[in-house]
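Colleague: Could you take a close look at the enclosed space inside this model and at the strands around it? I would like one connected account, with the cut-offs behind each term.

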Amino acid sequence: MPLSRLLLLLAVAACAAPPEPGAPSPAARAELGPLPASFINTPSCSGCLAVTVTLRADGAYTVRERLGTSEFYDFGAWRETDGILHLAGGRDALRRYRLAQGGLLEAREGTPGGDLRRAAEPESLRGPFRMLGRYDGEVFQE
């Protein structure tokens, strides 16, 4: 009988829904402020990597990297766990930032571009882009 209870417990846990992407904890919501919001780094030189991360309330994000005259974009979903933002996109490896006071996102090990500060206004999406899905001006659906 204990084995069957354990199996039932594992089956129920496997069916549990994961947290909603973009649904930050109350503490994280206070640090992030209203969304959408863009966060930018301060490159140390004119030819150094410039990074802008734009978070949207629906759990989507955009990363724009600028290196010299070239721009690269990544799109994906973000989630917050224990004060860490996890950004999983299609082009880049997982990016992780720790939420700090004052609108600062501190880059975790392996995340390029360094720390990011909240910008005064969210960056608008510029294109053109080749994407498969539907975009209504606010939300993109694959």
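Modeller: A search of the whole structure finds 1 cavity of 30 Å³ or more, where a cavity is a set of points on a 1 Å grid over the protein atoms alone at which a 1.4 Å probe fits but cannot get out. The largest cavity has a volume of about 40 Å³, a volume being the space filled by probe spheres set on the points, with grid points joined across faces, edges and corners. This is a predicted model, in which local features need pLDDT of at least 70 and side-chain atom pairs count only at pLDDT 80 or more, while totals for chains, interfaces and linings use all residues. Residues are numbered from 1 along each chain as its sequence is written, and side-chain values use heavy atoms, with hydrogens and water left out.

The lining of the largest cavity consists of Thr54, Arg56, Thr62, Tyr73, Glu123, Ser124, Leu125 and Arg126, lining residues being those with an atom within 4 Å of a point. By class, this lining has 2 nonpolar, 3 polar and 3 charged residues; here Ala, Val, Leu, Ile, Met, Phe, Trp, Tyr, Cys and Pro count as nonpolar, Asp, Glu, Lys and Arg as charged, and the others, Gly among them, as polar.

Now to the strands. The protein has 2 helices and 10 strands, taken as DSSP runs numbered from the N terminus (helices H or I, at least four residues; strands E, at least two), and along the sequence they follow the pattern α-α-β-β-β-β-β-β-β-β-β-β. Strand β2 (residues 50-55) pairs with strand β3 (residues 60-67) in the antiparallel sense over 6 bridges, where pairing requires that DSSP finds at least two bridges between two strands. Leu55 stands opposite Tyr61 in β3, and in the hairpin of β2 and β3, with 4 residues between the strands, Gly59 takes a positive phi near 95°. On the other pairing, β3 and strand β4 (residues 70-81) are antiparallel over 8 bridges, and the bridge partner of Thr62 in β4 is Phe75. The hairpin of β3 and β4 has 2 residues between the strands, and Gly68 there takes a positive phi near 65°.

Arg64, also found in strand β3, is buried, with a relative accessible area of 7%, buried meaning under 20% (1.4 Å probe, protein chains only). Leaving aside neighbours within four places in sequence, Arg64 is in contact with Ala50, Val51, Thr52, Glu71, Phe72, Tyr73, Glu123 and Arg126, contact meaning heavy atoms within 4.5 Å. Among these partners, Tyr73, Glu123 and Arg126 also belong to the cavity lining. The C-alpha atoms of Arg64 and Thr54, 10 residues apart along the chain, are separated by 8.5 Å.

Beyond this part, β4 pairs with strand β5 (residues 84-89) in the antiparallel sense over 6 bridges, and the bridge partner of Gly76 in β5 is Gly89. In the turn of the β4 and β5 hairpin, which has 2 residues between the strands, Asp82 has a positive phi of about 50°. As for the protein as a whole, 28% of its 142 residues count as buried, and residues 24 or more positions apart account for 36% of the contacts with a separation of 6 or more.

Terms used: 1 Å grid on protein atoms, 1.4 Å probe; cavity = no way out; pocket = protein on both sides within 12 Å on 5 of 7 lines; lining within 4 Å. Buried < 20%, exposed > 50% of the residue type's maximum accessible area, 1.4 Å probe, protein only.
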